Amino acid sequence: MADRATGGDGRLTRNSAAMVTARFTVAVAGLTTLPMLYDRLGAAEFGIWVLLGGVVGALALVDLGLGSALVRQVARTVAGQPDRMTRAVLGVGLLWGVTLWLLASAGTVAAWSSLARMVQLGDLAAEARDALLILLLGLLCDGAALPWRAVLEGAQHYTTLAWVTAGTAVLGAVLAVMVVRLGGGLSALAASTAAVGAVRTTLVVTAARHRYRRLTPSLRGLRRAGLRDLFNYGLRVQVTNAAGAVNLELDRFVLGGVAGPTVAGAFELGSRLLNMFRLPPAIVLMAMFPMAVSRTAAEGRIWLDRFHLVTTRYLTAFAAVGTALLVVSAEPLIRLWLGQPVWWATASIVVLAPSYALNLIAGATAIVLRVENQPGRETGYALLSVVLNLALTWPLWRLFGPLGVPLATSCGIAVGTVYFVVRFHRSTGRPIAPTLAAVRPAASAAILAGLGGTVAARFLPDGPGRLDAALAVLTRSGVVLLVALGVLVGAGFFSAQDRARLRRLTRRPRPVSPMREAA
């Protein structure tokens, strides 16, 4: 994804590699511990744990868009545009983190009985309430770390964040396994999660203060104009993030209400695999955002347009081919992971993966709008996705049962994303033809590879055990990748720069003679 258009300098490469590695570590830690939690807690209690995690995850997104706004503000300051409001803006972020925790804790206590009935918690309602209140302490820690994290991200110190993220993920996984093996329940798991959150916050704050003490959050010097600009930008991002949370998080609560925590937990298992698939490009995009702000300020719209096309082209290749691979291999992949078939996990991958891929492809478009200070243009498509999701949930549930819930989400995301991309080109005066040309080769390759893999799956080896599942995943994936690669090569997808990079990666290094090394 990196060439001159995308600012392929050493810092971007290091940042992207570090954050992808960290998030991959987080995902692997989660994927490793989830089967143990599922086995030790049981399907019902595991489902409740998933619902509690969904509540905290949804609340964490209620940051008024300050996460993106603070990163943008710090990036401006570090790039040589000093702003006296920066410390005050960071102070607002810290204040909101504490306020959100207070509101969430009070709301949990006040509305718990209704929530417990809504998602059918039964006899575990009291323990689930205590666990949620403990988990909210972790939310407080993350809120306290918000401005400091923005300092590191805005200054593009992603390597530091990567070490912290990866290290605390491993610590959290180890503690979770220890807790369930010792017979701990929901409250003990929540306590271990909150403790890890406190460690993570301490490390982030320490690292940020060490490098940028001058950017310590403070409400002094806060001005109305700066505050208005902060929230004008942030609230538009917040609406977009909230809509995304509805699309991604609502399903587990709806399924918990109509089918019980067991189905909600199984649905979450498939979603976790999908989220791991989305991680690498999502992290690369996150690392690109502050760089894109700086490069656009220096080189203008021509660079940004080139960045948009190149990034969209490679995002499509990853998302489309990866989706074909996931859909074809979904059933044996779940058996390989959990050691048993879980139909709901397989179904969630097959139903949601195509729309997730389409949404991921639009990631470069979202970055362009945020760089141009127009995050509100994302809001329309996000709201459309939510409205369609909510409108379709009931009729599709009546037609297809619980499967209609994720199907409604998939339809809403797909239609909303197409609307977003079309509206972007019309409103900014950019022609859509170059974008379609960038998307077409990889999309065609993925469709043909998915069809070929589905047909070939009938004749490929499979069986009930984990080794059989592993063989099925390998052979099906191999067919998909070979067909996709053949179509891409035939369509001339790989440029001269791509081929040169591939040759450098596969070329064996020449041995260095002792005399030359000494010289």
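**Close-up 1. Helix H2 passes helix H7 in a right-handed crossing.** H2 covers residues 43-60 and H7 covers residues 186-211. Their axes lie 11 Å apart and form an angle of about 35°.

**Close-up 2. Here are the residues through which H2 and H7 meet.** On the H2 side, look for Glu45, Ile48 and Trp49. Their partners in H7 are Leu186, Leu189, Ala190 and Thr193.

**Close-up 3. Helix H5, residues 125-154, has a kink at Leu146.** The kink is about 45° and comes shortly before the proline Pro147. How far apart are the end C-alpha atoms of H5? They are 42 Å apart, which agrees with the 44 Å that 30 residues should span at 1.5 Å a residue. After H5 comes Gln156, with a positive phi near 65°.

**Close-up 4. Two stretches, residues 1-8 and residues 509-519, have pLDDT below 50.** For the protein chain, the average pLDDT is 80, and 85% of the residues score at least 70. Residues 1-8 fall below 50, and this stretch has 30 contacts in the model beyond near neighbours in sequence. Residues 509-519 are also below 50, with one such contact. Where pLDDT is low, the predicted coordinates should not be read in detail.

How values were computed: Residues numbered from 1 in each chain as written. Predicted model: local features only at pLDDT ≥ 70, side-chain atom pairs only at ≥ 80, totals over all residues. Heavy atoms only, no water. Axes fitted to C-alpha atoms, helices over the stretch in contact; angles between N-to-C directions. Helix = DSSP H or I, 4+ residues; strand = E, 2+ residues; numbered from the N terminus. Left-handed = near helix turned anticlockwise from the far one by under 90°. Contact = heavy atoms within 4.5 Å. pLDDT = per-residue confidence, 0-100. Expected span 1.5 Å × (residues − 1). Bend = angle between axes of the 7 residues up to and from the residue.
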